[in-house]
2 protein chains.
Amino acid sequence: MAKIKTAEKILMGATRLFAQHGYDGAIMDDLAEQCGVNKASIYYHHKDKITLYEHCLEALFTPIVDAIIVAVEQESGAQDKLAMHINTFAKESAAKPYFAAILMREMASGGTNLPVLARTQMQRILRLLKQVLAQGVDEKVFKKTEPLIVHFMIVGTINLFVATIPLRNALAMEEGCQSLKVSNVKPVGKQLAKTIIRSLLTDVTHPMPP
Amino acid sequence: MAKIKTAEKILMGATRLFAQHGYDGAIMDDLAEQCGVNKASIYYHHKDKITLYEHCLEALFTPIVDAIIVAVEQESGAQDKLAMHINTFAKESAAKPYFAAILMREMASGGTNLPVLARTQMQRILRLLKQVLAQGVDEKVFKKTEPLIVHFMIVGTINLFVATIPLRNALAMEEGCQSLKVSNVKPVGKQLAKTIIRSLLTDVTHPMPP
DNA sequence: AAAAAATGTAACTAATTAGTTAACTTTGTG
DNA sequence: CACAAAGTTAACTAATTAGTTACATTTTTT
């Protein structure tokens, strides 16, 4: 069995810490302790804190965006592409919940000091969405809309859902309110896709998602 | 002309700083300097950093939630109520942009260490939404849905939109892409309301928003 | 086996930062 | 005006934290 390399342990631990406490709130001594790794080892593998953060973002963002692009490419119709876009974003976010937390923090900062790489990745998603929506307009299935708003609906909704899973579980415990305890993202993605597509369709006579 | 009281200056400056840099990233010396106030004055008016933060949240969250509740109460039909809910949330968020940033950060932290007061305020919004949706179901205008998902769509979309205004303006400058420079929230709220209501309506023969 | 790369230890530094102190100034009130 | 309470100030303390250093030990590569 291949043992987890120190560099990998550090990257994973750092991603979790940055997601939970933000860049400033993440403390390097804590990171060392939580990964069972010496602090000097962190600095052996990563130049400094900000570089480590950038490495985390790269390792986190790139494969998610890649997965979405690949998945969307497999569909042909604009409606199917859009549904796939939304559902894959939901699936990937759920599989890597630190993505949502980190992205939300970065957006909260205005995103202006977001490392170039992470910003590029977010722009790739937006560009893809624009293409899909434009295709839909060409095919006369979708109405013309502002892609940015659709993008915000997707990212905002899914991120918020994923990031608040721990909060909602805590609330459900306190209040005995089970409806809060929705932690499966799949149906959320589905309903979101349905909602967005429904509002985009030019004509209600078009085949609608059930 | 009544001069702005120090306590007020501190609260406003602190809210901005917490929104921009998060709790850990906000530095008390910076706060003092930016408000043109001595650091000791901050501690004279507010016990410590965490208490100051709680004061900021209280001053920020409560009036927003109050405004939404009041606005929704003025409508009678479920559809109008929901539209008002969304549009007022959008309007209030836009008017107090630090709200979006702070809320996003708190949600990113899982919300588990969100001060009780702020959490209560968010629950008030959710409770209101639940009532409106239930009323819609009673009136046979709305389909039955998970209120939490609708809530996330509203809060997630609007928050993301408001929080990224500075980022989008920066991007628009860089790329000359004007479509990014949408900084008026009103149409976003309107489209969001339309989208959500459209997906909730039991029947397409119901009067739909244009 | 020798060399090189990776990891661990533990104490250190320099800078930052939350919070304090004690003296000082302004303001409200009889 | 007098004088107490409220508010403000510069300088200080104590703790925290990013990053370092010098050296020992283990693992991997050649």
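Which helices of chain A and chain B each supply at least two residues of the surface near DNA strand D? They are α3 (39-45) of chain A and α3 (39-45) of chain B; helices (H or I, at least four residues) and strands (E, at least two) are DSSP runs, numbered from the N terminus. The views below show a predicted model, in which local features need pLDDT of at least 70 and side-chain atom pairs count only at pLDDT 80 or more, while totals for chains, interfaces and linings use all residues. Residues are numbered from 1 along each chain as its sequence is written, chains are lettered from A and ligands numbered from 1 in the order in which they are written, and side-chain values use heavy atoms, with hydrogens and water left out.

**Figure 1. The surface near DNA strand D.** A residue is near a strand if one of its heavy atoms lies within 4 Å of it. Of the 14 residues around DNA strand D, those that come nearest are Met28(A), Lys39(A), Lys49(A), Thr6(B) and Tyr44(B). With 4 residues, α3(B) gives the most to this surface. By class, the surface has 7 nonpolar, 4 polar and 3 charged residues; Ala, Val, Leu, Ile, Met, Phe, Trp, Tyr, Cys and Pro count as nonpolar, Asp, Glu, Lys and Arg as charged, and the others, Gly among them, as polar.

**Figure 2. Atoms that face DNA strand D.** Sugar or phosphate accounts for 59% of the atoms of DNA strand D within 4 Å of the protein, and the rest belong to bases. A polar side-chain atom of His45(B) lies 3.1 Å from a phosphate oxygen, whereas a polar side-chain atom of Asn38(B) lies 3.3 Å from a base nitrogen.

**Figure 3. The interface of chain B and chain A.** In this view, 52 residues of chain B are in contact (heavy atoms within 4.5 Å) with 50 residues of chain A. The two chains bury about 4500 Å² between them, 66% of it on carbon and sulfur atoms; buried area is the accessible area (1.4 Å probe) that two parts lose on being put together, summed over both. In chain B, Ile149(B), Phe152(B) and Arg198(B) lose the most area to chain A, together 14% of what that side buries. The count of salt bridges (a side-chain nitrogen of Lys or Arg within 4 Å of a carboxyl oxygen of Asp or Glu) between the chains is 0.

Terms used:
A polar contact is a pair of N or O atoms within 3.5 Å; within protein, one must be able to donate a hydrogen and the other to accept it, and residues adjacent in sequence count only if both atoms are side-chain atoms.
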